[in-house]
Amino acid sequence: MFRLALVALLGLAAIGCGHRPPPVRPWQRAYLSKRAMLFDDGLEGRFRQHLFGSREGAEGGYGVVGGGCGCN
Amino acid sequence: MSARLVLLATLLAAPPSGRAEDRVTVRGVYYRETSTRVVQPMVKLEKDLPAGVDVGAHFLVDAITSASVAAGALQDTLFTEYRKEAGFTVGKTFDRTRIGAFYRHSREPDFLATDVGLSLAQGVWDNTGTVLANVAYGSDTVGPMLDQHLAVTFGSLSYLQALSPTLAAQVGYEALLYDGYQANPYLRVPNFGYESLPKKRMRHAAVARLAHYLPTLGAGVQLHYRLYYDHGVGEEESDPWNLLAHTVELRLHKELTSTLEARFSYRFYTQGAAAFWCNTSVLTGGSTECYGLTPHYYSVDPKLGPMRTHTAEVKVTWEARALRTVPLLGWFAGGAFDLSYGRYFQNTRYGNAHVLQTAYSLPF
């Protein structure tokens, strides 16, 4: 499954890397830098994932996990 | 991990040539559910150095006060333990490529965790997209006697793309191999004693995220979805894990003034049960006999059974520029304050929870 995902993602990247013009020019990135457009939650996200990981069966999907339990 | 987050944060706004600014962030968390209270102060520092090098460090303390019934003990006594965590990141940027490394160590009386990892980010398509790969390895030492071990091997690949000036999407996949002791050392199963879990668990998570900004409204919306699945490794009989979970999250951002922004979010999580798990709680329709006479594996951990959670949260961010002319408080004018309150609804024995967070972040 990991290899399949690797091929799929590299394929997507290859499509993007083609000769087509990019969808966004450098001077069009103002809105993309808004908080509403960022997927990064920083320390807040770190706490959320630690919380959900200690109470729910699923884990992963948002970056490197781990960092102890804190849930006993 | 911090290196990855930093990269994701700067990805759309700028080429992956280092962070936008040096920054210090302090954050406090208060978490309260029926039998557990967590207070967590933390601080994080990020700094750009010459020659495309960036470094970061964080430190946090979890003060966890819990009634031991929540941990599975037979008597309800209150105890407090502390988890301390420190981490360091370093990265180097070459044009559109960034390589990074991190080290993190977490210590509490019955759980030691050390994690190391590497990341590689490559800007593509005129830097409107980024391919990001991570590998990491974690070594945990677990138990009241610290005599159990767990190794975690992690790999991830994601692709983030700006699709238009107001639309961005990300897809990613992560795989984690857990090898070692995965039980809760305090949980006891009726008739069998301390729980027994399979030693190996292969965990997969696929994520898709979409963000759209509406300039005329000064608002944005994000939609996240995660598919999670796990399975055993090398099991001779049927797969003991086979746990499937879905997570959906919706976020609405609204700029209220030029310096004040609100975020409303709702998260829904649902999962099935691990294949080996059965409900031993008579109170919820289970049976103490459900594991039969000679089970290989047995657990009363509610997070291995079917469950659903809902999380609703509101967050306000205030850019503190208005403090510029206020004596003493003017020092804070360059930064931003966060305040959020969330309610975490669980249908397990842990009960519902309140989550309060506050933070201040200052570029320098």
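Two strands pair if DSSP finds at least two bridges between them. Strands (E, at least two residues) and helices (H or I, at least four) are DSSP runs, numbered from the N terminus.

This is a predicted model: local features need pLDDT of at least 70, side-chain atom pairs count only at pLDDT 80 or more, and totals for chains, interfaces and linings use all residues. Residues are numbered from 1 along each chain as its sequence is written, and chains are lettered from A in the order in which they are written.

**Exercise 1.** Trace the hairpin of β5(B) and β6(B).

Solution.
- Two residues lie between β5(B) and β6(B) in this hairpin.
- β5(B) covers residues 97-108 and β6(B) residues 111-124; they pair in the antiparallel sense over 12 bridges.
- One bridge joins B:Arg107 to B:Leu112 in β6(B).

**Exercise 2.** Continue from β6(B) to β7(B).

Solution.
- β7(B) spans residues 129-142 and pairs with β6(B) in the antiparallel sense over 14 bridges.
- B:Gly117 stands opposite B:Ala136 in β7(B).
- Four residues separate the two strands of this hairpin, and B:Trp125 in the turn has a positive phi of about 50°.

**Exercise 3.** Describe the side of chain A that touches chain B.

Solution.
- Chain A has two helices and zero strands.
- 46 residues of chain A are in contact (C-beta atoms, placed from the backbone, within 7 Å) with 82 residues of chain B.
- α1 (2-16) and α2 (42-55) of chain A are the elements that each give two or more residues to this side.
- α1(A) supplies the largest share, seven residues.
- By class, 25 residues are nonpolar, 13 polar and eight charged. Nonpolar covers Ala, Val, Leu, Ile, Met, Phe, Trp, Tyr, Cys and Pro; charged covers Asp, Glu, Lys and Arg; the others, Gly among them, are polar.

Technical notes: Two residues are in contact if their C-beta atoms, placed from the backbone, lie within 7 Å.
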